[in-house]
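Keep the structure open as you read.

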Amino acid sequence: MTEIYWLFIAAFATSALGGVLGMASGIFIVPILTLLFGFNIHAAIGASLISVIACSCASAAPFLRGGLANIRLAIVLETATTLGALTGVFLIGTVSTSALYGLFALILAVSAQQMLARRREAAAADAPHDRSLATTLRLHSSFTDRHSGKAIAYQVGHVPLGMFLMYGAGLISALLGIGSGVLKIPAMDSALRLPIKVSTATSNFMIGVTAAASAAAYFVRGDIDVGVAGPVALGSVLGALIGARLLMWLPADKLRLFFVIILLLLAGQMLLSALDIHLPGASL
């Protein structure tokens, strides 16, 4: 019972953080389960996938009610991410892992710099181009920022570039075996020029779709331990609900700065992995 209690607490805390950042909570849960609880890596990944699905489902309703998640855009981008992940599966073993970690560290560092440069967020004033792909697919939308109380209209730009970056995110995540949420949000922020809250909420919706496919494969292989996944799923649902509400009320600038800090920490960890320096519990 003590272990179940601590599993619940760990899932609750990491899912609340993941919900605020729009990242897969598995990036935090896997090291916790392997280091602190002593579970093998396959059971930890299986439980983390259940956690990601629970986070995505729990936060979907608040984000949809608040108009933050752009479902049309998520469906378009998910096709590119899935194709990239499938490509990555076929390329596993052909690229040096150290080189991939080094590339990932560089991408995260550049993404942090780009996001920091956009700290002062403003709605685009120009009318959308009639012939743009975003206009054709009706991807432009708006939401009410609960922190400021203002209605914010935004326009989705550079969809082809965004899909290319999503393909790369899926490819790298498959090669390294990690969630792609940490790459999706900078891509949506920099290429598509979305408000940070929309990027985060849309990413939360997308990671659940990706994790569902992976979780099915782990379940068939018998790598999902119900005794572990059960309390993790319950803690994840409650944590994600808290995270979703925090996201709605947090100032956009503070949220962006928080995400940049997480990106830099992960970039440092990836650089250490590229140099074959492994910290305790740092494997993803």
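Q: Which residues line the largest cavity?
A: A cavity is a set of points on a 1 Å grid over the protein atoms alone where a 1.4 Å probe fits but cannot get out, and lining residues have an atom within 4 Å of a point. By that test the lining is Gly 66, Leu 68, Phe 143, Thr 144, Asp 145, Arg 146, Lys 197 and Met 248.

Q: What is the basis of these values?
A: The model is predicted: local features need pLDDT of at least 70, side-chain atom pairs count only at pLDDT 80 or more, and totals for chains, interfaces and linings use all residues. Residues are numbered from 1 along each chain as its sequence is written, and side-chain values use heavy atoms, with hydrogens and water left out.

Q: What volume does the largest cavity have?
A: A search of the whole structure finds one cavity of 30 Å³ or more. Grid points are joined across faces, edges and corners, and a volume is the space filled by probe spheres set on the points. For the largest cavity this gives about 40 Å³.

Q: Where in H3 does the kink lie?
A: H3 covers residues 41–65 and reaches 37 Å from first C-alpha to last, close to the 36 Å expected. The expected span is 1.5 Å times one less than the number of residues. A bend is the angle between axes fitted to the seven residues ending at a residue and the seven starting there. The kink is about 35°, shortly before the proline Pro 62, and lies at Ser 59.

Q: Is Ala 274 buried or exposed?
A: Ala 274 sits in helix H11, residues 252–274. Buried means under 20% relative accessible area, exposed over 50%, and partly exposed in between (1.4 Å probe, protein chains only). At 17%, Ala 274 is therefore buried.

Q: Which residues does Ala 274 touch?
A: Contact means heavy atoms within 4.5 Å. The C-alpha atoms of Ala 274 and Ser 98 are separated by 4.3 Å, though the two are 176 residues apart along the chain. Leaving out residues up to four places away in sequence, Ala 274 touches Ser 98, Tyr 101 and Gly 102.

Notes
Helix = DSSP H or I, 4+ residues; strand = E, 2+ residues; numbered from the N terminus. 1 Å grid on protein atoms, 1.4 Å probe; cavity = no way out; pocket = protein on both sides within 12 Å on 5 of 7 lines; lining within 4 Å.
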